[in-house]
Amino acid sequence: MGSSFVRLTGHFKAGNGTEDFDVWFDVDEELAGGFSESGAPWLIAAIPYGFELGGTIAIERPTDAMLLENTAAFAHVFRRWYKDLKPFEVIADKEIVDPGGEKAFAFFSGGIDSLHTATRYTSLGGTDQVGSVDELLLIWGFDIELDSPSEFAALQKQSEDFAARLGVPLRVMATNIRRPGTFWTNRWGPLCHALGKAACALALEKRYKKAIWAAGYRSDRSVVEGSHPMTDHYLSSSGLAMVYDGADSGRIDKIAFLSRFPWMLEDIHVCWRGASSRNCGKCPKCLRTEIALELTGMMARCNSLPRVSLERIRKAYCGEPAERSYFTEMAEYAKKIGRSDMYMALCESLTRSRHRAPIVNYLSRFEKTPGLWRAGRSIRHMLGA
Ligand SMILES: [Zn+2]
């Protein structure tokens, strides 16, 4: 963030006896003219509380008719996927709100998906270009916490360098929307990820008409997640379209595309385990990127991740649907290119994980039980999960 920023604040009154709280979005002065004056960002910010608590969400600002209808459909789908989500009602002054935003932007995080998308929305994408963006937007408060300014500054610097090579400016927004102890943090990946992005985009709905966000999965391999090809577009309003980009490409396809630009892979940032600007080299996200880099022959180009061993792949746990999807895709690719060593190691991981999944799921219940939590965690650790 620059030295002078401007804040858009929404005041939330909770009806369940908890204290009132504020949700805010900060941007540099230059962007503040694009701040929303409608109920759109606050409706999105309130949806996880609706899922968690049920009841009524009352928005005290005119709210776009299309967004109201879309978010009702979004909620229907997620309640079908997750049976514990509560129904809620939305009360708002329904209007067609088109604030006249004119720019297109792509969310940027520094990872494989966002590098792939950002590149294909500039002329650097060459024959693979699918559109144009005016700028990239990096969010502080999603993956890097607000109390880690030096880590965010490092990621911002990396991202600015990347954006400069693409020929588009990098914009930055900070937000406290991920409130601790709520679905916003407890179910960020499975439920709230896309809502977070949509709220940030809609907070600048007078500036933007199109938000491009990178697909996490190829469409035929997508798993139930907060950001999903079937539901993300339901966060669009009359004036701001949410575009889910790159659903035709898997992780391997994306790295193969990025290998045309070796400088992009040198300092790639994929990991949020330490909530920092550096990769831990150990977590599932780091591991699957290391495997994909190895399979595409790009590992030697990357300075920010260690080379993966076959032993580590064999022992890796991939019991979660998302990880199984990635490992299956990479095993198929390893077989296709004749890397039988990698293929065998990935298959062994998939088989072992399938056998371990029931006990890991069982033990995860202990993590929620006071006193037994440490036992559950340590046994899971022994299982490599
Ligand atoms: Zn990591």
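The radius of gyration is taken here over C-alpha atoms, and the globule rule used for comparison is 2.2 Å times the number of residues to the power 0.38. For 385 residues a compact globule would have a radius of gyration near 21 Å, and the chain agrees, because its own value is 21 Å. The structure is a predicted model, in which local features need pLDDT of at least 70 and side-chain atom pairs count only at pLDDT 80 or more, while totals for chains, interfaces and linings use all residues. Residues are numbered from 1 along each chain as its sequence is written.

Along its principal axes the C-alpha trace spans about 60 × 50 × 35 Å. The chain holds 14 helices and nine strands; these are DSSP runs numbered from the N terminus, helices being H or I of at least four residues and strands being E of at least two. Of the 385 residues, 44% count as buried. A residue is buried if 20 or more other C-beta atoms, placed from the backbone, lie within 10 Å of its own, exposed if 12 or fewer do, and partly exposed in between. Two residues are in contact if their C-beta atoms, placed from the backbone, lie within 7 Å. Among contacts with a separation of 6 or more, 72% join residues 24 or more positions apart.

Two packed helices are described by the angle between their axes and the distance between the axes. Axes are lines fitted to C-alpha atoms, for helices over the stretch in contact, and angles run from 0 to 180 degrees between N-to-C directions. Helix α2 (residues 40–53) packs with helix α7 (residues 188–203) at an angle of about 165°, the axes being 8 Å apart. The two are therefore roughly antiparallel, a term for angles over 145 degrees, whereas those under 35 count as roughly parallel, 65 to 115 as roughly perpendicular and the rest as oblique. The crossing of α2 and α7 is left-handed, that is, the near helix is turned anticlockwise from the far one by less than a right angle, clockwise being right-handed. On the α2 side the contact involves A40, P41, I44, A45, I47 and P48, which meet L191, C192, L195, A198, A199, L202 and A203 of α7. These residues comprise 13 nonpolar, no polar and no charged. In this division Ala, Val, Leu, Ile, Met, Phe, Trp, Tyr, Cys and Pro are nonpolar, Asp, Glu, Lys and Arg are charged, and the others, Gly among them, are polar.

Helices α10 (residues 284–295) and α12 (residues 321–336) have axes that come within 11 Å and cross at roughly 10°. Helix α10 is therefore roughly parallel to α12, and their crossing is left-handed. Residues P284, R288, I291, A292 and L295 of α10 make the contact with E323, Y326, M330, Y333 and A334 of α12. Eight residues of this contact are nonpolar, none is polar and two are charged.

Helix α4 (residues 112–120) is mostly covered, with nine of its nine residues buried. Among them are D113, H116 and R120. In helix α7, H193 is partly exposed, with 19 other C-beta atoms within 10 Å. Leaving aside residues up to four places away in sequence, H193 touches W188, E225, G226 and S227. R260 lies in the loop between α8 (251–258) and α9 (262–266), and counts as exposed with 12 C-beta neighbours inside 10 Å.
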